[in-house]
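Keep the model open beside you as we go.

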Amino acid sequence: MKVVAGQSSPLLAKRIAEKLGCELAKTTYKVFPDGELYVRVEGVKDEAIVVQSINSNKDLVQLMLIFDAVANADIIAVIPYMGYARQDRAFNDGEAVSIRAVAKLIESYADRVITVNIHSEKAKSYFKKLVDVDAMPLIGGYYKGRNVVMISPDLGSLNRVKVASSYAGCEFDYLEKVRLDAENVEIKPKSLDVGGKDVVIVDDIISTGGTIVEATKVLKDLGAKSVECACVHAVLAGDALNKLFNAGVKRVIATDTIEKSISAISVADEIAKVLLQDS
Ligand code: R5P
């Protein structure tokens, strides 16, 4: 068995390989002058654990090429960040259900698929056999012993925040969000008991940062002493991190499902546990 590290998840792949006590396959990745990708994977025989987050179109094409390169082996796909999952239905007539297309593609190659906090149950429903690892206990554990209040920026993330807060041993509450378009959200004013408290906003994804910026404004208006945020998937599109700091967010942390400088928590153990359980 070999672990194959895609270019979006080299560190996490290495961590998983170490936990499993197996080697990384030798990989070569290149881009041709016209932009097409090239992939070579050496030394894989019977089983390949392919680790690659989908945080860009390039990641998705590379994943497909990795699958093809190891197609003679049994493939387990570890997709720590399952991109395209937010388009989990046709919101307007004629729209592609992106995650349905991605699920079909992945399952046409992989015998098993493992991900971390896929965006929604609806997105999960397009896979035949997906194991969805929950990173919320890890986020909760990170804050254990700290006197904070965890806040969900919307109802959709409330269950996640409940789990995180139970591991942190702290209070939790939620805000109500209305999405205006891809980049803009409105957080409805609401009375919350955050006056003078250190608050941690917990979400599954930080993409443009719009949600956290708006939530931070509301929490500061309500008298929060400080605002930090924690997420599973640090997409951080464009200048998102600067936007967060400009809004007064004190600290941002995430897991390593997307490898960023703020990845303070690793999901390697949890993924390795699933791989070991079912092997
Ligand atoms: C939405 O349902 C998600 O849980 C996140 O709140 C959202 O994806 C964050 O996006 P952004 O950072 O662009 O506001």
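How many cavities of 30 Å³ or more does the count come to? The count comes to one cavity. Before we look inside, a word on the ground rules. This is a predicted model, in which local features need pLDDT of at least 70 and side-chain atom pairs count only at pLDDT 80 or more, while totals for chains, interfaces and linings use all residues. Residues are numbered from 1 along each chain as its sequence is written, and side-chain values use heavy atoms, with hydrogens and water left out.

Start with the two domains. The chain is assigned domain 1 (2-134 + 266-278) and domain 2 (136-256), with bounds that come from an automatic or database domain assignment. Their centres, taken over C-alpha atoms, are 28 Å apart. Domain 1 puts 14 residues into the contact and domain 2 puts in 13 residues, where contact means heavy atoms within 4.5 Å.

Now for the empty spaces. Rolling a probe the size of a water molecule over the atoms shows where empty space is left. Here the search runs on a 1 Å grid over the protein atoms alone: a cavity is a set of points where a 1.4 Å probe fits but cannot get out, a pocket is an open set with protein on both sides within 12 Å along at least five of seven lines, and lining residues have an atom within 4 Å of a point. Grid points are joined across faces, edges and corners, and a volume is the space filled by probe spheres set on the points.

The largest pocket holds about 1,000 Å³ of space. It has 36 lining residues, and the closest to its centre are Arg86, His119, Arg179, Ile205 and Ser207. Strand S11 (176-179), strand S13 (198-206) and helix H7 (210-221) each give at least two residues to this lining; helices (H or I, at least four residues) and strands (E, at least two) are DSSP runs, numbered from the N terminus. Sorted by class, the lining of the largest pocket has eleven nonpolar, 14 polar and eleven charged residues. In this scheme Ala, Val, Leu, Ile, Met, Phe, Trp, Tyr, Cys and Pro are nonpolar, Asp, Glu, Lys and Arg are charged, and the others, Gly among them, are polar. Where does the largest pocket lie? Domain 1 and domain 2 both give residues to its lining, so the largest pocket lies between them.

The second largest pocket has a volume of about 280 Å³. Among its 14 lining residues, Asn117, Ile118, Glu121, Asp132 and Arg160 lie nearest its centre. Helix H4 (121-124), strand S8 and helix H6 (158-168) each supply at least two residues of the lining, and H6 gives the largest share, with three residues. Both domains give residues to this lining too, so the second largest pocket lies between domain 1 and domain 2.

What about that cavity? The largest cavity has a volume of about 50 Å³, and its lining includes Tyr81, Met82, Arg86, Asn117, His119 and Ile205. The lining divides into six nonpolar residues, three polar and one charged.

Let's go back to H6. Which residues of H6 are buried? They are Leu158, Arg160, Val161, Ala164, Ser165 and Ala168, where buried means under 20% relative accessible area, exposed over 50% and partly exposed in between (1.4 Å probe, protein chains only). Cover for the buried residues of H6 includes helix H5 (136-142), strand S9, strand S10 (171-174) and S13. Just after H6, Gly169 takes a positive phi of about 75 degrees.

Ser157 sits in the loop between S9 (148-152) and H6. Ser157 is buried, with a relative accessible area of 2%. Leaving aside neighbours within four places in sequence, Ser157 is in contact with Ser152, Val202, Asp203 and Asp204.

Finish with helix H9 (residues 268-277), whose buried residues are Ala268, Ile271, Ala272, Val274 and Leu275. Seen down the axis of H9, they fall within an arc of 160 degrees, so they line one face of the helix. Their cover includes helix H1 (10-20), strand S5 (47-51) and strand S6 (74-79).

Notes
Arc of directions from axis to C-beta.
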